[in-house]
Every structure is written in C-alpha cells, then in structure tokens.
Amino acid sequence: MVAGHKIDALGQFELHEVFGGLGVYFTQSELMMVIAAIIVPVAIYFGMRHKAVVPGRYQSATEMCYEFIHGMAIGTMGAKGKGFFPFIFALFFFILTGNYLGLLPFSFAFTSHIVVTVTLALMVFVLSILVSLKNQGLKFFAHFMPAGAPIAMAPLLVPIEILSYLSRPISLSIRLFANMVAGHVMLEMFAGFTILLATGLGLALGGPLGILPILLNMALTALELLVGALQAYVFAILTCMYLQEAIEH
C-alpha cells in the first residue's frame, strides 16, 4: 500500500473484520482459512469424480498430487505411519493453498500470521507427543538422556535435550511465518516503487522507469510460487519425521 510518498509494506498484514454487523468477529484471515479448507476437497472431488481408466489431465494432476504426498509420507514414516497419511495430505494442501491464496489480488496470506503457524506447529507437536506416549509409554522420557552417555552428565545433557525438543514447534512455525512475510513485503515494496515513480515523476518519465520494478515483481511472484510450495513441503516432511520418531522409537 502506498500512503502519500511512503510505502506501507506491513499494512497488508493488518486484520480487518468481514461480515460486519453480524455480531461475530470474523477477519479476512479466518475467511481465507475457510476458503482453503473448502478448495482442497472440492478440487479432489471434481478431479476424481469420473474415475476414468484412462485419466484426463485434471484427474492425472489429482492422482499425481495424491501419489506425491503418499510417497513422501510412507517413505518417511514407513508402513506403520500409513494411518497418518490423511493428516499429512490435509496439512500440506492447507498450507500450500494458504500460501498461494495470498498471491491473489485483494486476498490475504493467513500463513503470514505467527498465531496461525504456531497453532499448526503446536498441533503437530502435541500429536507427536501423544503418539510417542501411546507407542513407547514412559520409555519416551528416556530419549532425553542420550544412550551411552555417563550418568554424571545427566544434569547437563537432559536440560539440553529437553530444550532441543521444545524448540521444534518454534522453528517449525517461525520458518513458515518468516518466509511468507518476507516474500509479501518484497512484493509490496517493488509494487510501491512502480506507483511512486509514476506519481512522482509523471507517466512520461516515471512510466518507463517503473518497468524495472514491474519486471522484478514478476520474478518475485514466480519465486513466491516456488517458496510457497517449498515451505508447505518442509512443514509436511518435518511433521513426517517427528511422527516417524514417535512411531519407531
């Protein structure tokens, strides 16, 4: 957003109430989360509704998405982790859709809010603890003392291992949040440069000079598409690794 001769790159992350007057505080972030939760099952339904033996392009794309997440989940967690595949599938595409929705005009990237990414990370963290306790019982706590280490080192090693374990949801949430914020700030700044050049120097001079920020913005948008997919993948693969530890150890 360009206010006067300044670029307000952080204004895009402000929450605003939608559906005002209904007596319920419902922001554009929550609206985008609802849309993301609806888009994925609807897309899968329309992709697989014909169930053709020789699939069309849409069905092929849907099957490729399924095979990709299935291969990642089973390849990381093993056969014992098959039951968690629906969770990994939903988590990956919820984050991916959220990342991509934020690139649309007048939309909002809910994954650029730390409260959303922390909630997702805590959900994964708590689930991995519950699975660990179910599969390992009290032996789960033995992992905070490295095998083979002298017992005299326990007062030093155990707190370090506990802090390392507790840092998982922090790193998981901040990685996604920081990447989304940085990308959208860059897009806003270069778009603002174009408007400032056009308004400050006039269309005759500012217009040609504004071509460079436009080209940079196009390149950044392509980069954001890649980063959005990578961040969804990183979040999902780390979730698989945490669950694999909980299942196997």
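Modeller: In this predicted model, the chain over residues 108-133 is 77% helix and 0% strand, with its end C-alpha atoms 38 Å apart. Residues 222-243, in turn, are 100% helix and 0% strand, and the end C-alpha atoms of that span lie 32 Å apart.

Met 32 belongs to helix 1, which comprises residues 28-48. Its relative accessibility is 10%, and Met 32 therefore counts as buried, the cut-off being under 20%. Leaving aside residues up to four places away in sequence, Met 32 touches Leu 101, Ser 107, Phe 108 and Phe 110. Between Met 32 and Leu 225 there are 193 residues of sequence separation, and their C-alpha atoms are 18 Å apart in space.

The cysteines deserve a separate remark. A search of the whole structure finds zero disulfides. Cys 65 is accordingly in no disulfide, and the nearest cysteine sulfur, that of Cys 240, is 16 Å away. A disulfide is a covalent bond between the sulfur atoms of two cysteines. Because the sulfur of Cys 240 is 16 Å from the closest cysteine sulfur, in Cys 65, the separation is too far for a bond, the criterion being within 2.5 Å. As to accessibility, Cys 65 counts as partly exposed at 32% relative accessibility, whereas Cys 240 is buried, with a relative accessible area of 0%.

Terms used. Residues are numbered from 1 along each chain as its sequence is written. This is a predicted model: local features need pLDDT of at least 70, side-chain atom pairs count only at pLDDT 80 or more; totals for chains, interfaces and linings use all residues. Side-chain values use heavy atoms; hydrogens and water are left out. Helices (H or I, at least four residues) and strands (E, at least two) are DSSP runs, numbered from the N terminus. Buried means under 20% relative accessible area, exposed over 50%, partly exposed in between (1.4 Å probe, protein chains only). Contact means heavy atoms within 4.5 Å.
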